Amino acid sequence: RGKGTKMTEFWLISAPGEKTCQQTWEKLHAATTKHNNLSTNSKFNIPDLKVGTLDVLVGLSDELAKLDAFVESVVKKVAQYMADVLEDSKDKVQENLLANGGKDGFKKDVLLKWQAKHEFSFSSLDTVPFPFIFKGVNQIDNDLKARASAYNNLKGNLQNLERKNAGSLLTRSLADIVKKEDFVLDSEYLVTLLVIVPKVNYNDWVKQYETLAEMVVPRSSNVLFEDQDSYLCNVTLFRKAVDDFKHKAREYKFLVRDFQYNEEEMKADKEEMNRLSTDKKKQFGPLVRWLKVNFSEAFIAWIHVKALRVFVESVLRYGLPVNFQAMLLQPNKKTMKKLREVLYDLYKHLDSSAAAIIDATMDIPGLNLSQQEYYPYVYYKIDCNLLEFK
């Protein structure tokens, strides 16, 4: 979360132009900095768009609300998947999500400079390319599903194999542990068994194993491997004594593991593991790059939608001709309540009927009470805390 009191939450607000829009900006800036910097502020300039009818505005307001929620969900998904893919290096998530800039430079840069680089490609609200914005972000969503599914599959298969190579001696793969010379192979009469001997019973094993059944080859047992609690030992005996030996061994807490030495099978396991591991490494770089680029694309689309919402809501609230100043505030975490009060004092005059509105259930164009609390100024939150991972 950076140092101290800064939050990566931004408030995008707008207020009507007073004598000039500059004056509106100065007034806000003075009010929030007077009380020991309640927020870091910047102007958020939105190009002047031609406005159609009130009906069009009300329709746009609803459509933008839906689009905002959708784009935000995709931004979150891409960020969350970046965190999943970077597994152990959560601290790297931030720098990958903030591709162009310092610690949280990307979010701020995009927020503040988006209009310089990403000017609206349309001049009228009637021609807002909703299908285009939706299609672009929807494409990112679909691509993410496909890429995540392929990568997760690979990761899952690799984890299953790794699990086989870990765990207790009873269940784990022994491919990396046993060697050909540990076994008597291709003998008509003799067979080598693998026995798991608890460390606390090891002395008993050494004393007893040759006499647990008839026909055990003397001095044929060695420790091949140990984990925390047990030793893995081999022992060679005549095939026909195996059942007797297993039965007797169990009484002493020696467990004979069901295992046939099969070089081909073990080699195939190893090769599969190497193949999956190599595949995962190969896919990792391109996937992280894709996530970086598409996070940036989705984030920029999200800010476009927020800017459009501010524009539409400001015209609905403050009327025509278009005359408002949009401003971006980054509140200080500890003084958010105070900042709300200062903003309310500053703008309550906009809305002598605000109190009445809140009590009434009448439908006011462009005011969606179910969505968020109501303020006398236009307000949208851009919550970048969604993109922070511990």
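Modeller: I will take the packing of α2 against α5, whose crossing is left-handed. The model is a predicted one. Helix α2 covers residues 54–85, and α5 covers residues 130–164. The two pack at an angle of about 25°, and their axes are 10 Å apart. Because angles under 35 degrees count as roughly parallel, α2 and α5 are roughly parallel to each other.

On the α2 side, the residues that meet α5 are Leu60, Glu63, Leu64, Leu67, Phe70, Val71, Val74, Lys77, Val78, Tyr81, Asp84 and Val85. Their counterparts in α5 are Phe130, Ile133, Phe134, Val137, Asn138, Ile140, Asp141, Leu144, Ala148, Tyr151, Asn152 and Lys155. By class, this contact has 17 nonpolar, 2 polar and 5 charged residues.

Aspartate 141 sits in helix α5. Its relative accessible area is 4%, so aspartate 141 is buried. Once neighbours within four places in sequence are set aside, the contacts of aspartate 141 are Phe70, Val74 and Lys77. These residues, Phe70, Val74 and Lys77, are among those that α2 brings to the contact with α5. With lysine 77, aspartate 141 also makes a polar contact between side chains, at 3.0 Å. In this model, then, a buried aspartate has its side chain joined to that of a lysine in the partner helix.

Helix α5 also packs against α8 (263–318), and here the angle is about 155°, with the axes 9 Å apart. Because angles over 145 degrees count as roughly antiparallel, α5 is roughly antiparallel to α8. The crossing of α5 and α8 is left-handed. By class, the residues in this contact come to 17 nonpolar, 4 polar and 10 charged.

Serine 124 lies between α4 (105–117) and α5. With a relative accessibility of 12%, serine 124 counts as buried. Serine 124 is 74 residues from lysine 50 in sequence, but their C-alpha atoms are 4.3 Å apart in space. Beyond its neighbours within four places in sequence, serine 124 is in contact with Leu49 and Lys50.

The loop between α8 and β7 (324–331) holds proline 321. The peptide bond that joins leucine 320 to proline 321 is cis, with omega at about -5°. Most residues other than glycine have a negative phi, and most peptide bonds are trans.

Although methionine 215 is not a glycine, its phi is positive, at about 65°. With a relative accessible area of 34%, methionine 215 is partly exposed. Arginine 219 is found in the loop between α6 and β4 as well. Arginine 219 is not a glycine either, yet has a positive phi of about 50°. With a relative accessibility of 77%, arginine 219 counts as exposed.

Serine 221 also lies in the loop between α6 and β4, but its relative accessibility is 17%, so serine 221 counts as buried. With neighbours within four places in sequence left aside, serine 221 is in contact with Trp205, Tyr209, Cys233, Asn234 and Val235. For tryptophan 205 there is also a polar contact of 3.1 Å between its side chain and that of serine 221. Serine 221 and aspartate 182 are 39 residues apart in sequence, with their C-alpha atoms 9.4 Å apart in space.

As for the setting, the protein chain has 10 helices and 8 strands. It has 390 residues, of which 46% count as buried. Among contacts between residues at least 6 apart in sequence, 81% join residues at least 24 apart.

Terms used
Residues are numbered from 1 along each chain as its sequence is written. This is a predicted model: local features need pLDDT of at least 70, side-chain atom pairs count only at pLDDT 80 or more; totals for chains, interfaces and linings use all residues. Side-chain values use heavy atoms; hydrogens and water are left out. Helices (H or I, at least four residues) and strands (E, at least two) are DSSP runs, numbered from the N terminus. Buried means under 20% relative accessible area, exposed over 50%, partly exposed in between (1.4 Å probe, protein chains only). A polar contact is a pair of N or O atoms within 3.5 Å; within protein, one must be able to donate a hydrogen and the other to accept it, and residues adjacent in sequence count only if both atoms are side-chain atoms. Contact means heavy atoms within 4.5 Å. Axes are lines fitted to C-alpha atoms, for helices over the stretch in contact, and angles run from 0 to 180 degrees between N-to-C directions. Angles under 35 degrees count as roughly parallel, over 145 as roughly antiparallel, 65 to 115 as roughly perpendicular and the rest as oblique. A crossing is left-handed if the near helix is turned anticlockwise from the far one by less than a right angle, and right-handed if clockwise. Ala, Val, Leu, Ile, Met, Phe, Trp, Tyr, Cys and Pro count as nonpolar, Asp, Glu, Lys and Arg as charged, and the others, Gly among them, as polar.
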